[in-house]
Amino acid sequence: KGRPPRVPCRYFVIKCSTVEQLWVSFAQSVWAVPVRAHPPHTSTILNSAFEEGRVVLLASVNGAQRWHGYARVCEKVGEHIQEGGSSSGEDSSVRAMSPPFRIEWLARFQHEQNGVPYSSSMALMFGHPPSSINNCRNGQEVPAWIGEDMCTMIDKGVASEQQPRLRSTLYL
């Protein structure tokens with residue numbers, strides 16, 4: 001009978017201003033995107049991708065220089081705009097945010113100091129001229145092969161974080 005057809009998957013980089021904002025998202029399984037002054041709006045792009053298939057968000061914190069996890073989008077981004085403060089975004093000048101929408105964290109690091117360092121992902125290049133995934137803007141889509149490679153790197157990092165550390169018996 002064969003395998004069922006593969007559902008298309010699109011990958012987007014998400015960035016937030018602080019580690020604390022990311023941990024709130026980890027705890028509540030929600031995300032919000034900044035509303036751009038001019039189209040195309042991130043919410044419109046994510047909703048279009050969601051209608052076509054699976055959407056995966058690759059998470060980083062501005063200035064942290066590492067990737068913290070990835071999540072699956074579980075529902076469309078709402079149309080209602082929230083004014084004031086930003087729960088996630090690339091800078092503090094963003095004043096309008098989408099309402100929070102449900103996500104499922106598929107892999108994430110348990111400790112904020114951990115993550116896949118940008119030095120490990122700098123070779124994941126795309127575009128013309130080529131640019132690293134590390135230089136993506138908040139809400140930017142990346143090619144599927146880069147998204148898949150980034151998820152694999154995060155999976156390996158999370159697995160190694162969960163391995164018990166072997167202590168040397170030389171000094172015990």
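Modeller: This is a predicted model. Start with E51, which is exposed, with a relative accessible area of 58%.

Biologist: With which residue does E51 form a salt bridge?

Modeller: The partner is K76, and the closest N and O atoms are 2.6 Å apart. E51 sits in helix α2 and K76 in the loop between β4 and β5, so the pair links distant parts of the chain, 25 residues apart. K76 is partly exposed, at 40% relative accessibility.

Biologist: How many salt bridges does the structure hold?

Modeller: Five. One of them joins the side chains of E52 and R10, at 3.0 Å from N to O. E52 belongs to helix α2 and R10 to strand β1, 42 residues apart. E52 is partly exposed at 48%.

Modeller: Another salt bridge pairs E104 with R72 at 2.8 Å. Because E104 is in strand β7 and R72 in strand β4, this pair ties together parts 32 residues apart in sequence. Salt bridges with shared partners also join R10, E52 and E141 into one network.

Biologist: Is V13 buried or exposed?

Modeller: V13 is buried, with a relative accessible area of 0%. V13 lies in strand β1, and its contacts beyond its sequence neighbours include L58, W67 and Q140. V13 and Q140 are 127 residues apart in sequence but 5.5 Å apart in space, C-alpha to C-alpha.

Definitions and conventions:
Residues are numbered from 1 along each chain as its sequence is written. This is a predicted model: local features need pLDDT of at least 70, side-chain atom pairs count only at pLDDT 80 or more; totals for chains, interfaces and linings use all residues. Side-chain values use heavy atoms; hydrogens and water are left out. Helices (H or I, at least four residues) and strands (E, at least two) are DSSP runs, numbered from the N terminus. Buried means under 20% relative accessible area, exposed over 50%, partly exposed in between (1.4 Å probe, protein chains only). Contact means heavy atoms within 4.5 Å. A salt bridge is a side-chain nitrogen of Lys or Arg within 4 Å of a carboxyl oxygen of Asp or Glu. Lists of a residue's contacts leave out its neighbours within four places in sequence.
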